[in-house]
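Please look through the sequence and the model shown here, and work through the questions that follow one at a time.

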Amino acid sequence: MNSIERSTTTATPTPRRVCVATTVMHRSLGEEAVLLDMATTTYFGLNAVAARFWQLVSENPDFGMAVTNLTAEFDVENATLIADLTELCGRLSLAGLVTLE
């Protein structure tokens, strides 16, 4: 399982929209979640913040709106949240789980 953690991988530009692939299934496990791409059988584990982000962009792909909601829900600085979510989006995009615009 790939864990969603902050790393020093290739920088991803901050997206405007995060569109979830239609082949991805999502299951909540308490506050965390697991994503499974049915096309590739790749799966990812998401921590509580990443799981809530996934839920938000699944309902509305607007990255900025998701950041606004998460900043209100979690005790996190806006700049840190944007950096972490941008990196998460890059990793999810590389795995084919989302398309970034």
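Predicted model: local features only at pLDDT ≥ 70, side-chain atom pairs only at ≥ 80, totals over all residues.

Q: Does Glu 87 count as buried or exposed?
A: A residue is called buried under 20% relative accessible area and exposed over 50%. The relative accessibility of Glu 87 is 12%, and because of this value Glu 87 counts as buried.

Q: What is the mean pLDDT of the protein?
A: The pLDDT is the predictor's confidence in each residue, on a scale from 0 to 100. Some caution is needed over residues 1-8, where the pLDDT is below 50, although this stretch has 22 contacts in the model beyond near neighbours in sequence. Across the protein, 90% of the residues reach 70 or more, and the mean pLDDT is 91.

Q: Which element gives the largest share of the largest nonpolar core?
A: This core has 24 residues, and those that touch the most other members are Leu 35, Leu 46, Phe 53, Trp 54 and Leu 85. The largest share is six residues, and the element that gives them is helix 1.

Q: Is Leu 46 buried or exposed?
A: Leu 46 lies in strand 5, and this leucine is among the residues that touch the most other members of the largest nonpolar core. In soluble globular proteins, nonpolar side chains tend to be buried together. The relative accessible area of Leu 46 is 3%, so Leu 46 is buried.

Q: How is helix 1 oriented to helix 3?
A: Helix 1 and helix 3 pack with their axes 11 Å apart and at an angle of about 70°. Because that angle falls in the range from 65 to 115 degrees, helix 1 is roughly perpendicular to helix 3. The contact is made by Val 49, Ala 50, Phe 53 and Trp 54 of helix 1, together with residues of helix 3 that include Leu 85 and Leu 92. In answer to the question, the orientation of helix 1 to helix 3 is roughly perpendicular.

Q: What is the relative accessible area of Leu 92?
A: Leu 92 is found in helix 3. Not counting residues up to four places away in sequence, Leu 92 touches Leu 35, Trp 54, Leu 97 and Val 98. Leu 92 is buried, and its relative accessible area is 1%.

Q: What is phi of Thr 41 near?
A: Thr 41 is found in the loop between strand 4 and strand 5, and Thr 41 is exposed, with a relative accessible area of 60%. Most residues other than glycine have a negative phi. Thr 41 is a residue other than glycine with a positive value, and its phi is near 60°.

Note on methods:
Residues numbered from 1 in each chain as written. Heavy atoms only, no water. Core = buried A, V, L, I, M, F, W, Y, C linked by side-chain atoms within 4.5 Å. Buried < 20%, exposed > 50% of the residue type's maximum accessible area, 1.4 Å probe, protein only. Helix = DSSP H or I, 4+ residues; strand = E, 2+ residues; numbered from the N terminus. Contact = heavy atoms within 4.5 Å. Axes fitted to C-alpha atoms, helices over the stretch in contact; angles between N-to-C directions. Parallel < 35°, antiparallel > 145°, perpendicular 65-115°, else oblique.
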